[in-house]
Amino acid sequence: MSMASLLRIILSTLILLPISITISASESHPTQGFCSVECDTELTSSSGKILIKQGTVVNAHHKVVADVYIEDGIIVSVRPNIAVGDDVKVIDATGKYVMPGGIDPHTHLAMDFMGTGTIDDFYTGQAAALAGGTTMHIDFVIPINGNLSAGFASYVDKAKKSVMDYGFHMAITKWDEAVSKEMELMVKENGINSFKFFMAYKGALMINDELLLHGLEKCKSLGALAMVHAENGDAVAEGQKRIFDLGITGPEGHALSRPPVLEGEATARAIRLASFINAPLYVVHVMSIDAMEEIAKARKSGQRVIGEPVVSGLTLDESGLWDSDFTTAAKYVMSPPIRKTGHDKALQDALATGILQLVGTDHCTFNSTQKAFGYGDFRKIPNGVNGIEERMHLVWETMVESGKISVTDYVRITSTECAKIFNIYPRKGAILEGSDADIIVLNPNASFRISAISHHSRSDTNVYEGKTGKGKVEVTISGGRVVWEEGNLKITSGSGKYIKMPPFSYLFDGIDKADAAYLASLRSPVHRTAAAY
């Protein structure tokens, strides 16, 4: 038995469900707006041996100059001066950072939404991710007519063309006893440990407070993390009507109809309901000061609340929505909206100080033709922006190059914290012996420039168009295979694997003791003498 195989057995407490299909290099994929890649079928049969030499190896807790030796998709050794034979591929990382591949906690690939479907599927979206240094993402399964199992089966089928590892969250869009039982099935058999509740999108995905309470209780009992899209859906619907009736029909109406106060209100409400149940809560795509401050207050009080900003909220402002060109303005439409200048800097500061914990993208791409469905009525513009390829570069430029955070913090917010929250650490999110060989080599002195012309998404627009910066991912290793090097992608449809995520992450530690302490504090029921009649 090889050392890599032994380490895999020791480390693997998680069950891996492979969902893969190998295709020939001649099989075609849709390429409109998609930078061409090389499809290498040989990569599926042999991971090979790789030595990364003389790089600064960065984990969330420390950094050190060392070599990293990889065999059979597993990190076998991390130490200086590793000697290897001629059959090993050697990557010189002198003067560069060797870090865990990024994990994007928030994506929507091949999603049916607002009368159309996202332009990036599990092939093109993941290809873009790998080119940008992200080696795993967690996508949201949308139930079919409220049925979780049908939704899961649909996404398993969509993911057959995957080219890197991925996991699933599950959305809850209705409530009955069947849904409650299916949640148990998702956790115990299908490796899902998080459920999302939409407090917005009235008439489509939105749930009410009663359903959210049921969901929080069920999540807590299963050790699954409850997630919320926090906007007041009723008020948003009223705001949309009000703004449209004023004759504001363009993309700027989107931002005007759902102001920060509605995000703050829903965030506060979700936090208080989670406190009432004593369940951990994860707030997705925190876009405003209003929402961030509610999270800060909750965390200061000791409540277990995770806040996830996304790259668009950290690096953009709403000015693009007022562009005179509809195509340009419409590409910025997402929910919650990108906010006014000032919110971005406040979110950066909150991320730097630990009020917010990790960075996602909410990668949910539609091309300009799809966005044009809402020409003349901003309410019909499909909501979503790109980011899965740009996240690692923009977070480095915005947070590390600016001096706001250290390189170890960069690893924490782009990879390690996500792995810990969703209970797959240290298999993912670390460069340790026995961890999966999902690794990037980042050159802090190289520069990047973002453009729709060169990106790997199928979208014909990019909300980060023209942004430049320092810190470039030069090599991406996924599952022990070099998939991005010298500006070239080498990927295989079907080579990605579904990563099951077990319940009861660290966020649930001590919950039972807190519940017991609460019950003990009630001093009830009071035993009384019978009332006199």
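Visitor: How much space lies in the largest pocket?
Guide: Start with the general idea. Rolling a probe the size of a water molecule over the atoms shows where empty space is left. In this predicted model, the largest pocket holds about 560 Å³ of space. Its lining counts 30 residues, and the closest to the centre are Ala131, His393, Lys472, Val473 and Trp484.

Visitor: Which strands each supply at least two residues of that lining?
Guide: Strand S6 (89-92) is one of them.

Visitor: How do the residues of the pocket lining divide by class?
Guide: There are 11 nonpolar, 10 polar and nine charged residues in the lining of the largest pocket.

Visitor: What lines the second largest cavity?
Guide: This cavity holds about 60 Å³ of space. Among the residues that line it are Lys331, Lys371, Phe366, Val385 and Val463. Thr365, Gly384, Asn386, Ser459 and Thr461 also line it. The lining of the second largest cavity divides into three nonpolar, five polar and two charged residues.

Visitor: Next, helix packing. At what angle do H3 and H4 pack?
Guide: Two packed helices are described by the angle between their axes and the distance between the axes. Here helix H3 (residues 148-158) and helix H4 (residues 177-188) pack at about 40°, with axes 9 Å apart. That angle makes H3 oblique to H4.

Visitor: Which residues of H3 and H4 meet?
Guide: H3 brings Leu148, Ser149 and Phe152. H4 brings Val179, Glu182, Met183, Leu185 and Met186. By class, the contact of H3 with H4 has six nonpolar, one polar and one charged residues.

Visitor: Last, the rings. How many aromatic pairs does the structure hold?
Guide: A pair of aromatic rings is described by the distance of the centres and the angle of the planes. The structure holds 15 aromatic pairs. One of them joins Phe122 and Phe168 edge-to-face, at 6.4 Å centre to centre and 90° between the planes.

Visitor: Which parts does the pair of Phe122 and Phe168 tie together?
Guide: Phe122 lies in the loop between strand S10 (116-117) and helix H2 (124-131), and Phe168 lies in strand S12 (residues 165-171), so the pair ties together parts that are 46 residues apart in sequence.

Note on methods
Residues numbered from 1 in each chain as written. Predicted model: local features only at pLDDT ≥ 70, side-chain atom pairs only at ≥ 80, totals over all residues. Heavy atoms only, no water. 1 Å grid on protein atoms, 1.4 Å probe; cavity = no way out; pocket = protein on both sides within 12 Å on 5 of 7 lines; lining within 4 Å. Points joined across faces, edges and corners; volume = space filled by probe spheres on them. Helix = DSSP H or I, 4+ residues; strand = E, 2+ residues; numbered from the N terminus. Nonpolar A, V, L, I, M, F, W, Y, C, P; charged D, E, K, R; others polar. Axes fitted to C-alpha atoms, helices over the stretch in contact; angles between N-to-C directions. Parallel < 35°, antiparallel > 145°, perpendicular 65-115°, else oblique. Contact = heavy atoms within 4.5 Å. Phe/Tyr/Trp six-rings, centres within 6.5 Å; stacked < 30°, edge-to-face > 60°.
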